[in-house]
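Here is a short note for a colleague who is meeting this structure for the first time. The points below may be read alongside the sequence and the model.

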Amino acid sequence: MRLARLGAFHQSRLSFMRVLLRRLKREGWQFDRPVWEIDAQGVGHGVYRARGPQRTYCLVAFAHDLDPAKRSDRVIAEEWDATFTLFDGEPTLADIERLARNVPKQEAGRVSQSELSLSRANRSVRLFEYVKSCLARGEQPEAERLDEVGYLMRTTAVYGSGKFGALDYRFIRDREEFSSPFQAEMLSVYLTRAFTIDIVEHLAEQEAPGTAVKMSPHLKRRLGVGNSTGLGMAPYLVNHPALIHKWIAARETALSRVRAIKNASSEDVAIFLNVLRRQIRSTDLWNTASAAHMERIVELREDLDRLCTHVSGDGVLAADYPWEGLYQWGQENLALEGQELLVSLMLEPYGALVDDLASEMSVDEQARSRIDGSMRISELRSLLAQYYQFAEEFRPDWRDDNARFWYVSEEKLEPRLGERHDEPGADLEFPLAISRDAKVLAHDCARAEDDELVAQFLLRHPEHRHLVRRVQLAPYAGFSEINDNLISADLVPIDLLRCKLSFFGATHFDPRSDRWVRITMYQNAPYPDELAEADSDRWVYPEVEDSY
Amino acid sequence: MSLDLSIGEVESLVFKACRGAGMAWGIAEDAGRIAGFLARQNVDGLSALASLLTQNDGKRFDDIAPMTSGGTLRARGGTLCPVATGCLLSDLTGDLQTDYQFELENVSYPILLAGFLGAIAERNGRTFEATGKDLAFHCSPTGLYAIEEINALPEVANIVVKSVKPVNCLPNETAIRAICSQAAFDTLSAFAHRTYVPATEASRMSGAGAGVNDND
């Protein structure tokens, strides 16, 4: 799949946040907040407990009094307004003391095999103080102001599996609740959202005891958790080919199941039309300061209007194979953003048909990591020809094709993108230039004997080993490779982030440059204490007054 | 002093350290996985890796990789790198039906080779026996055996590896964490550090898209 398409993906039923909330509701998870030891300055800790049918998890939240001058979303920050960890079970006092010494330091601290995540969040300068002062005055904040930002606090990194000492995902994979990817991280963010409301209400109450009010439930719903994500996430899609294949394959399988439906019931059509209207509302609320991205959003709004007009036409959804017809219409009439959004909307009526795919989005990445050295070079050449055609487009002598290099910064220990022709460090390039490397591999394969064993070839060419592993995976994982040149001058790095974030379930992508993006998570979702009564299915689409 | 690491941290540290020491990316990937495998088997592969990378620092791959001519695998430069050798054995042992025998001359840190053989055994459901002077262990689908001896293997050995009939053993208790000595950690971190690019003013501004106010 091309990167531009991956970078136009939207959340769907298979997104990990939605998978989690469906499970929490279906299994009747219980939530409470057994500990809230936060003082008048907003310093202390709270514990949010989630009790499932088999196990309990607790978000331990540390609230800090941060000097506003130190508030930065960049991963390089060293202090935050709040820091969090998801504890596996219920923490003892000794656990809390240990975590209090480590979690506030984030990367500079250590967590243990009892922890499943490590994260932090900063208050929104645009919104937090405003909401606090409204509540302290006994007033509700204006809905429009809330919609403009969409969150009270922004997480700047949510570390999971094995990071900074946390338990590796491989050891919790067989727990039913973690059978889909990133469920521990998504649970941590879901509980963090409750904290962001609690802390603003707490501070308002401290400021004006007796006068302050709680935020009204319908206003709270409009707030999610923000997130700022930069290049640190970008290499993930390349470094986890088998996993990414699973994600995209699940989405494509869901789409093909829906396209194969012969007749749409009137209920299914009504659901589709309902989420379409609600999506239009969501897209109206989606804004960004990025001119390039705003153009896409404006185009998407026009595409949604066109889609509305089309589906209200006579018999469009009453015809045989209506979704196949609509999908084909979308391919011909909508831009990439619109095409991909249409895919997400088409899945909405069909939870019973597609939701099972969520449990197939996880993979044992080591299972196919072995290189088959007994393969002959002739066969390797065939695989390259079949699955790496996109690499043929790479022109080694063209400056723009070879313009960038991916590296890890010594200062920040984070992935970065450099300009090959202007900056030092290209000799330390990380292996993300799949197009170029596949082209070189094909060249060296062409000069090898047909019947040479891959094992022998790799003794002569150890530099191709990482790519041969990918090539041998390709027949089993057709979506494992991004069919584009990731070191091109034309590369839009945030497309890599957008793809991953859409699978998380993020909305309202707000690129702050071509290298980092702000998003919103869990906006419009029911809070833990509302989940038992609320819609845990299509909450992501904001309610509209005249919805039918 | 020792450190408690997650398996993911072990894999990542070793991957970067091996790359920093000059190994190809793909070989470093295998080394990382094998370090994780050994940690899960309660075997200290990290000290051996730290010593191996130090010993082979600056050597050419061609001098420490196995030469395939003839029946015995040996290195042009004298001692065989167990990681390069392990990669070759892993590549060649996909066929479940074939019986294998490999003669290896002067393998450095055979404990690391045991990691590769153990991973192959686990994957293929085969059992391998490795023997040499002062050395005998076997690797089965349920783990590495003669562990005490494995933790005290010689630093260099001639080894014969062959596939054998399954040996009845209770599965080993596997670990979910790695214990790493501070010394090995520091050595591996120093090698890993070689993969990092120092910041410049230009890269600080452009590398991650800075220059936009993020505090809002």
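1. Chain B contains nine helices and 10 strands, where helices (H or I, at least four residues) and strands (E, at least two) are DSSP runs numbered from the N terminus. The model is predicted, so that local features need pLDDT of at least 70 and side-chain atom pairs count only at pLDDT 80 or more, whereas totals for chains, interfaces and linings use all residues. Residues are numbered from 1 along each chain as its sequence is written, chains are lettered from A and ligands numbered from 1 in the order in which they are written, and side-chain values use heavy atoms, with hydrogens and water left out.

2. Along its principal axes, the C-alpha trace of chain B spans about 65 × 40 × 35 Å.

3. Of the 216 residues in chain B, 54% are buried, meaning under 20% relative accessible area (1.4 Å probe, protein chains only). When contacts (heavy atoms within 4.5 Å) between residues of chain B at least 6 apart in sequence are considered, 72% join residues at least 24 apart.

4. In chain A, strand S10 (residues 507-511) has five of its five residues buried, so it is largely enclosed by the rest of the structure. S10(A) pairs with strand S11 (residues 517-521) of chain A in the antiparallel sense over three bridges, pairing being counted if DSSP finds at least two bridges between two strands. Pro511(A) stands opposite Val517(A) in S11(A), and a hairpin of five residues links S10(A) to S11(A).

Terms used
Buried means under 20% relative accessible area, exposed over 50%, partly exposed in between (1.4 Å probe, protein chains only).
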